[in-house]
Structure formats: structure tokens, C-alpha cells
Amino acid sequence: MKNMSEVVITGMGIVSPIGIGLDNFWNSLLKKSSGARFSDHYSLDTVSQIKGLPFPITADIPNFTASRLKQWKILKKNQKVMSRDIQLGIEAADEAREMSELTEKPVNPERQGILFGAMMIMPDLTELVDAFRSCMDEQNQFIMSNMGYGFNLMQPLWMLKYLPNMTACHIGIAYDLRGPSNTLVNGETSGISAMLEAARVIQRGQADLMYTGGTSCCTSPTTWVKYEIYGISKETEHPEKAVRPFDIHRSGIIFGEGAASCILESRESAKQRNVKILGSILSWAETTEPAWEHHKNLQNKDEKICLQPEMFTGKSIENAIYLAMTRAGISKNDLAFVMASGYGTAHGDKVEAEAIHRTLGDIPVTAIKGATGYSLAGSGNMNIVATMHALRKGLIPPATNCEEIAPECPISVVTQNPIPTDKRTALVINYNFYGQVSVVILKREEE
């Protein structure tokens, strides 16, 4: 992939359930800490009383105050119209901006832009209570025709808090980014897709520097209900062990929240600014395979698409790894490790492990979702930041909660202590449950 190495990373930031800021996150990862716990939304007793209620385990970020956001006058002023997703994204981007020394060594505003990944942002349920109550009749039945009046009870600008593109908008306004600006809403691969498109923007010469990343807050029960099909872990005694990537006792996913951001820059721009280059995007590949069924009833012209996670074979992961490795011009012996998606589901982990084994053989593998949970659009970029930092530290972090590798997962997961490495490249896998896959190969800059 010609000129790929010219897209470099000069800044990184992360906000996660195991730590706010890169150093805190990394130290917790090495300790195999977990951010999973029972949710404050409702208890296990409530689950037993209400049929169909999702299991209340989540990985949220305790004591999050958006301290960086408050340092910027315009961001602080607009905070009342920022959902938690937006605030998390801004916090991560500001840390990346600081690391890239953009205050001391700025870039022409016309030559810098932003591309962020997001999901549909779920509203805070407390904001909907009055509106929904106003639609109930005397028998406590919901009357849809009253909904127009119900929305009149809500704050006039409430919708601005929940538009997926607003993270990029707020960052762009605050930092005076006058170049390309966009948001990708591409399912769980949104953040990685945004990062790769930002790299293409730089390669096309449309910008010298791009803010990029992904953010999602998935700690609302409305998110859990939607994704119940994927299998939420039902660990009752030890919530901190709810997600067990590639472990024989894995039982499903839990949702979390988080954001991660990278500053991508052309190598020429980074050299002109005389800033430290952390690493580069050596290559990437994006593939897909169908993991859904299309049902069409010709009689009543009814059409629907049903997600079928069990249809996911992992062939798209295998294809993406082959493509990325070919484009990078490297062999599996050049890789320090693989950062896997590692969702902790029975089927997903099996097919991902088999794809890694078929393409890369016996290579060290790790995953971070046992620590962070599943934050949808934020997860892929958290993997990117963790991988780049691991390469710079020369350590492969262990996969939290993987204690006994499942026999159907034929890979070498790092389970105990961090493993030293002097290799400079690593491969990151990010896939979603309906068949979209992104594979990125990162390379540490030589000191």
C-alpha cells in the first residue's frame, strides 16, 4: 500500500472504565483490572420480577467530570447540550491534542480537520419521563397520539445532545478546524472506519492533520435491550469477571462506555512541526460477510432483515488479515502480537480465534474487553490506542479474565503477566456481529 507509512500518529487520548488518560488506562490494563460492575439502573431482584429485562451489568466510568472540557470556554458553555458520548469523545481528543503539542506547535487551521465515529446516541431516560407520563391515560395505557404534546414538555434543544455528528462539530468549533469534517455511523466499526477515512484524507492531500476517534456510552438499558440478541453475560457472583475473552467459561458481552482518539498527520507535517512521532499506520483492510437473513413475503409485500450472529463464519476476518499483511509487505514473523476483538461470546470468539490461527499461526494474542466491556463505536479506537502504546512500551498486556483458553479457540492468548517484545508492528482486529471487519497494522516509530 504505497505511501501508507506517511500517515503517522502524533497524539493519543483515551477515556475508559479502567482509567481516564493514557497512563491510568495502561497501568490498570497491566494489572488486569476490570471496570465491570452491577449497574445502578436496577437490581437483580428487578430482573427476576420483570420478564425480558436485560441483565444489569455494565462497565461505566466512575467519577467522570469532563475536566478537560471545562478548560475550554466555548466547550464549557455548550456542555448543557452534550450527551455523555460527546463529552467522552471531547475528553479523549483533548488529551491527544495535548500530546501532539498543537497549542505550542500549531497547524494552519485550513489544513486540519476531523473525522469521528459514533453510534445512535441513546437519550437519558430521566429526560423522557415527563413526556411519556403525559401520554398515559387513566388506565395507564400509552396513547401514541399524545406524543406530540409530550415532546413539548422537553427542553427545546434536547435533540442536539443526541445527534451522532455533534462530537466532531464541538471539537471542530473549539479547535478551529477548518478542513474536512465528517462523522461515520457504521455500526460498531464506526470509530475504526473514521480513522481509516481520515488517513485517506491525508493521503489525498486534503489535509495535513486530522483529529479522529470513536466514542460511545452504552450504559443505558435501552442499549442492552437492542443488543440482547448477541448474548449478555449473566455472571451473578463476580461482575468484574463477566467478560472472559477466549476463556473456556466465557458467557457473553457486557456493555460499557469509552472513547479514544488519535491525531493523524502526514510525516512531512510532523517533521516540520518537530513533534514526536509515536508510530504509523502501516496498512489496513476492510471486508464483510453476510450475517443476516433477508425475509420477503410476496403476499403482503413485507420485507425484513434479521440479524443472525451465528451465520458469521470469520472468513471476512481471514480475508482482511491476508489483505492487510500483503499491503504492508510483511510476514507473520514481523508481528509482535494481535489485538483481537475478543467479545467474550461463545461463537464470536471461536470464529475469530480460528481466523487468526489459519492466517497467522501461533502468535501472541490479547484483548481488552475483559477490562473495558463493549463500547460499540469507541471499542475499536480503544484497541488502536492500547496497541500503539503497547508497542511503544515493548510490552504485550494480558487479556483480562482469560484464565483458561477454550479448546475451540486455537490461539496463544496472553493470560498471566505482560510479555516483553522488541518487535515494532502489531495487528488490530475489529469486527461487528453483522459481518463488517476492519484490520489495521500499526508500526512503532524507531527512537
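Modeller: Helices (H or I, at least four residues) and strands (E, at least two) are DSSP runs, numbered from the N terminus. In this predicted model, the protein has 14 helices and 18 strands. The model is a prediction, with local features needing pLDDT of at least 70 and side-chain atom pairs counting only at pLDDT 80 or more, while totals for chains, interfaces and linings use all residues. Residues are numbered from 1 along each chain as its sequence is written, and side-chain values use heavy atoms, with hydrogens and water left out.

Colleague: Which residues have the most contacts inside the largest nonpolar core?

Modeller: In soluble globular proteins, nonpolar side chains tend to be buried together. A nonpolar core is a set of buried Ala, Val, Leu, Ile, Met, Phe, Trp, Tyr and Cys residues joined through side-chain atoms within 4.5 Å. The largest core holds 58 residues, and F246, F255, L427 and I429 have the most contacts inside it. The elements giving two or more residues to this core include β9, β12 (335-339), β17 and β18. Helix α11 gives the most, with six residues. A second, separate core of 44 residues includes W26, A207, V385 and A390.

Colleague: Which residues does L427 touch?

Modeller: Contact means heavy atoms within 4.5 Å. Not counting residues up to four places away in sequence, L427 touches I321, M325, L335, F337, V338, M339, L360, V439, V440 and I441. Across the protein, residues 24 or more positions apart account for 78% of the contacts with a separation of 6 or more.

Colleague: In which sense do β17 and β18 pair, parallel or antiparallel?

Modeller: Two strands pair if DSSP finds at least two bridges between them. Strand β17 (residues 425-431) and β18 pair in the antiparallel sense over seven bridges, and I429 stands opposite V439 in β18. These two strands form a hairpin with four residues between them, and G435 in the turn has a positive phi of about 105 degrees. Strand β9 (residues 279-288) also pairs with β18 in the antiparallel sense, over nine bridges; there I281 has L442 as its bridge partner. Seven of the nine residues of β18 (residues 436-444) are buried.

Colleague: How many residues of β12 are buried?

Modeller: Five of the five residues of β12 are buried, so this strand is largely enclosed by the rest of the structure. Strand β12 pairs with β17 in the parallel sense over three bridges, where M339 stands opposite V428. With strand β13 (residues 364-366), β12 pairs in the parallel sense over two bridges, and V338 stands opposite V365.

Colleague: Is S34 buried or partly exposed, and what does its side chain reach?

Modeller: S34 counts as partly exposed, at 24% relative accessibility, and its place is in the loop between α1 (22-30) and β3 (37-38). A polar contact is a pair of N or O atoms within 3.5 Å; within protein, one must be able to donate a hydrogen and the other to accept it, and residues adjacent in sequence count only if both atoms are side-chain atoms. The side chain of S34 reaches the backbone nitrogen of A36 at 3.2 Å and the backbone oxygen of E240 at 2.9 Å. S283, in strand β9, counts as buried at 0% relative accessibility, and its side chain reaches the backbone oxygen of A324 at 2.7 Å.

Definitions and conventions: Buried < 20%, exposed > 50% of the residue type's maximum accessible area, 1.4 Å probe, protein only.
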